[in-house]
Amino acid sequence: MDNRNGPSETTQRTLLSDGPHRAAPRSACVVVIHGAGLGGRADVDTARVLVGRSQEADLCIAHKSVSREHCQVWRDGDEYRIRDLGATNTTRLNDAPITEGTLADGDHVTVGESILKFISHTSVEANYHEEIYQLATRDALTDLCNRRHFLEQMEREVARAVRHGRPLAMCIVDVDLFKPVNDRYGHISGDEVLRQIADLVHRHVRHDDIAARIGGEEFAVLLPECDANAAYGFAERLRAAVAAATFTPGGEPRRITISIGIAELSPAHDSRAGLMAAADAALYRAKEEGRNRVCIES
Ligand SMILES: Nc1nc2c(ncn2[C@@H]2O[C@H](COP(=O)(O)OP(=O)(O)OP(=O)(O)O)[C@@H](O)[C@H]2O)c(=O)[nH]1
């Protein structure tokens, strides 16, 4: 159900055909194994990976001992290279200061007070680190991002969008009247419904969007480069897809609906907390106005 008159759709969004996200086999990567940013990682290929304190770094280590642009890592043919970017605390490779060097599997890179480990794509540890990364960042039930990872990503995306004056929108998605579903069919069947909804969320997002389960029956989607109208188009398609889907908790066909609140980055909502509060207020309105609808916070 719409509560807006004729929102214009400004962005073409793509339906993906596969189910919940699974990471592709990994390339080489750097993983923070000690200090601030522990567990953070970045894949390394020919594009230069920036490591630093900046929110815009590919591997952001938010600690004062780390320069905003500390070092960069990249693949050059068969070699993996690292270069210090004039950091105040010079980058160290296996404890020796460097301006530039070649990385070998298992090398330790000291960045301020944090230590990174370089894992080559052939390393036997690659799968282990991949598994740890998945456990730390994904929601076990739905395989979407977990709340913590979503909030971290959102912090970065908000900073990036504010800095470059780019649009950014977010949706908070809440399952309508889910308690009666649980009460009638049990939590296991309820979980299956949540998985099916997560699958629909995943199918409707673009590659660059960040989708997460942020609460029991609450999901969030962050949409970089989207204003509220474009987000509305996405949200409305998702709402309609859920409303049209057949769920079979306890083997009984049942319709389930969702309500969605949308907010976009604006001078009034220019922080992570502000944007989330605005989307939450819109969601509240969607519930108040009868559920199964999309509302935009103005
Ligand atoms: N199966 C399952 N249920 C959950 C999970 N997390 C929260 N819930 C349930 O989700 C339900 C949420 O209920 P309420 O917050 O009362 O809201 P609602 O019934 O969805 O109603 P409205 O949000 O007002 O439309 C509760 O029954 C929770 O137990 C979960 O991980 N799995």
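Reply: Helices (H or I, at least four residues) and strands (E, at least two) are DSSP runs, numbered from the N terminus. On that basis the secondary structure of the protein chain comes to six helices and 16 strands. The model is a predicted one, in which local features need pLDDT of at least 70, side-chain atom pairs count only at pLDDT 80 or more, and totals for chains, interfaces and linings use all residues. Residues are numbered from 1 along each chain as its sequence is written.

Me: Why is the protein chain called as compact as a globular protein of its length?

Reply: The radius of gyration is taken over C-alpha atoms, and the globule rule is 2.2 Å times the number of residues to the power 0.38. For 298 residues that rule gives 19 Å, and the protein chain has 21 Å, which is close to it, so the chain is as compact as a globular protein of that length. Along its principal axes, the C-alpha trace spans about 65 × 45 × 30 Å.

Me: What makes Asn-292 buried or exposed, and how does Asp-95 count?

Reply: A residue is buried if 20 or more other C-beta atoms lie within 10 Å of its own, exposed if 12 or fewer, and partly exposed in between, with C-beta atoms placed from the backbone. Asn-292 has 20 other C-beta atoms within 10 Å and is therefore buried, whereas Asp-95, with 9 C-beta neighbours inside 10 Å, counts as exposed. Asn-292 sits in the loop between α6 (272-288) and β16 (294-296), and Asp-95 in the loop between β7 (92-93) and β8 (96-97). Phi is positive in each of these non-glycine residues, near 50° in Asn-292 and near 80° in Asp-95. Over the protein chain, buried residues make up 38% of the 298 residues.

Me: Why does Asp-58 count as partly exposed, and what is it in contact with?

Reply: Asp-58 has 19 C-beta neighbours inside 10 Å and therefore counts as partly exposed. Two residues are in contact if their C-beta atoms, placed from the backbone, lie within 7 Å. By that criterion, and leaving aside neighbours within four places in sequence, Asp-58 is in contact with Ala-42, Val-49 and Leu-50. The loop that holds Asp-58 runs between β3 (49-52) and β4 (59-60).

Me: Why is Cys-145 called buried, and which residues does it touch?

Reply: Cys-145 has 25 other C-beta atoms within 10 Å, and is therefore buried. Not counting residues up to four places away in sequence, Cys-145 touches Thr-137, Arg-138, Asp-139, Phe-150, Ile-210, Ala-211 and Ala-212. Cys-145 is found in the loop between α1 (126-137) and α2 (147-164).

Me: What makes a group of residues a nonpolar core, and which residues have the most contacts inside the largest one?

Reply: A nonpolar core is a set of buried Ala, Val, Leu, Ile, Met, Phe, Trp, Tyr and Cys residues joined through C-beta atoms within 7 Å. The largest such core has 54 residues, and those with the most contacts inside it are Met-170, Cys-171, Ala-220, Val-221, Ala-231, Ile-262 and Ala-279. Helix α5 (residues 228-244) gives the most to this core, with eight residues. Apart from it lies another core, of 25 residues, among them Val-31, Val-66, Val-73 and Ile-82. In soluble globular proteins, nonpolar side chains tend to be buried together.

Me: How do you know which residues surround the ligand, and how many are there?

Reply: A residue is near a molecule if its C-beta atom, placed from the backbone, lies within 6 Å of it. The ligand is surrounded by 15 residues, the closest being Asp-176, Phe-178, Lys-179, Gly-190 and Gly-216. Two or more residues of this shell come from each of β12 (168-175), α3 (178-185) and α4 (187-204), and α4 gives the most, with four residues.

Me: What is the make-up of that shell by class?

Reply: Ala, Val, Leu, Ile, Met, Phe, Trp, Tyr, Cys and Pro count as nonpolar, Asp, Glu, Lys and Arg as charged, and the others, Gly among them, as polar. The shell around the ligand accordingly has four nonpolar, four polar and seven charged residues.
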